Amino acid sequence: MGMTKALLEKDGVNWRQKLPPIPTVPISAQTRWSIPSAQAPGANTAPATAPQGERDETAAGTERARILKEEGNEFVKKGNHKKAVEKYSESLKLNKECATYTNRALCYLTLKQYKEAAQDCTEALKLDPKNVKALYRRAQALKELKAGRHSGTGCGDINLGSFFT
């Protein structure tokens, strides 16, 4: 674009006629020509490319996190909450997502790890302060903690499946 504009200013509308036919120009020469225009003031490309690389990495990480979360969900459906916690934990290392925290909190509740459940809900609420599942599950976890675990009964056996994301 910058090249065309420069040529227009130099030779007017007829600049195209003054160029040699494109096929006779070797590719190496074409790329050589484009370098000065790329380095024109304000067109410094180096900083623009660095974040792009990071973005690609992030996208890959996010996709991997999503797959791990799905695997965690499958373990929950099979009733294997310990394995699900492992998958959710791996997923959260790559991408801190509200739903992953609330899912892991559900597993912790089921495993009677109430402190961890409450912590996960707190993390989820940092990401989404109005998240109903996080509020509900944290309330359950805190209630169990307050009950002091010694009662052995309580609401531990409420079916939480319907709150699963």
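## Terms and basis of the model

A residue is called buried when its relative accessible area is under 20%, exposed when that area is over 50%, and partly exposed in between (1.4 Å probe, protein chains only). By this rule Tyr88 is buried, because its relative accessibility is 0%.

The structure is a predicted model, in which local features need pLDDT of at least 70 and side-chain atom pairs count only at pLDDT 80 or more, while totals for chains, interfaces and linings use all residues. Residues are numbered from 1 along each chain as its sequence is written, and side-chain values use heavy atoms, with hydrogens and water left out.

## The chain as a whole

The chain contains eight helices and zero strands. Helices (H or I, at least four residues) and strands (E, at least two) are DSSP runs, numbered from the N terminus. Along the sequence the pattern is α-α-α-α-α-α-α-α.

The chain has 165 residues, of which 29% count as buried. A contact means heavy atoms within 4.5 Å. Among contacts in the chain with a separation of 6 or more, 46% come from residues 24 or more positions apart.

## Helices α5 and α6

Helix α5 spans residues 81–94, and its axis comes within 9 Å of that of α6, with a crossing of roughly 155°. Axes are lines fitted to C-alpha atoms, for helices over the stretch in contact, and angles run from 0 to 180 degrees between N-to-C directions. Angles under 35 degrees count as roughly parallel, over 145 as roughly antiparallel, 65 to 115 as roughly perpendicular and the rest as oblique. The helices α5 and α6 are therefore roughly antiparallel to each other. Their crossing is left-handed, a term used if the near helix is turned anticlockwise from the far one by less than a right angle, whereas clockwise is right-handed.

On the α5 side, the residues in contact are His81, Ala84, Val85, Tyr88, Ser89, Ser91 and Leu92; they meet Thr100, Tyr101, Asn103, Arg104, Cys107, Tyr108 and Thr110 in α6. By class, this contact has seven nonpolar, six polar and one charged residues. Here Ala, Val, Leu, Ile, Met, Phe, Trp, Tyr, Cys and Pro count as nonpolar, Asp, Glu, Lys and Arg as charged, and the others, Gly among them, as polar. Tyr88 lies in helix α5, and its C-alpha atom is 8.5 Å from that of Asn73, 15 residues apart along the chain. Cys107 is also buried, at 0% relative accessibility.

## Helices α6 and α7

Helix α6 (residues 98–110) packs against helix α7 (residues 114–127) at an angle of about 165°, and their axes are 8 Å apart. This makes α6 roughly antiparallel to α7. The crossing of α6 and α7 is left-handed. In α6, Cys98, Tyr101, Thr102, Arg104, Ala105, Tyr108 and Leu109 meet residues of α7 that include Tyr114, Asp120 and Leu127. The contact of α6 with α7 has 10 nonpolar, one polar and four charged residues.

Lys112 is found in the loop between α6 and α7. Although Lys112 is not a glycine, its phi is positive, at about 60°. Lys112 is partly exposed, with a relative accessible area of 46%.

## Cysteines

A disulfide is a pair of cysteine sulfur atoms within 2.5 Å, and by this rule the count is zero. Cys98 is in no disulfide, and the nearest cysteine sulfur, that of Cys121, is 9.1 Å away. Cys98 is buried, with a relative accessible area of 13%.
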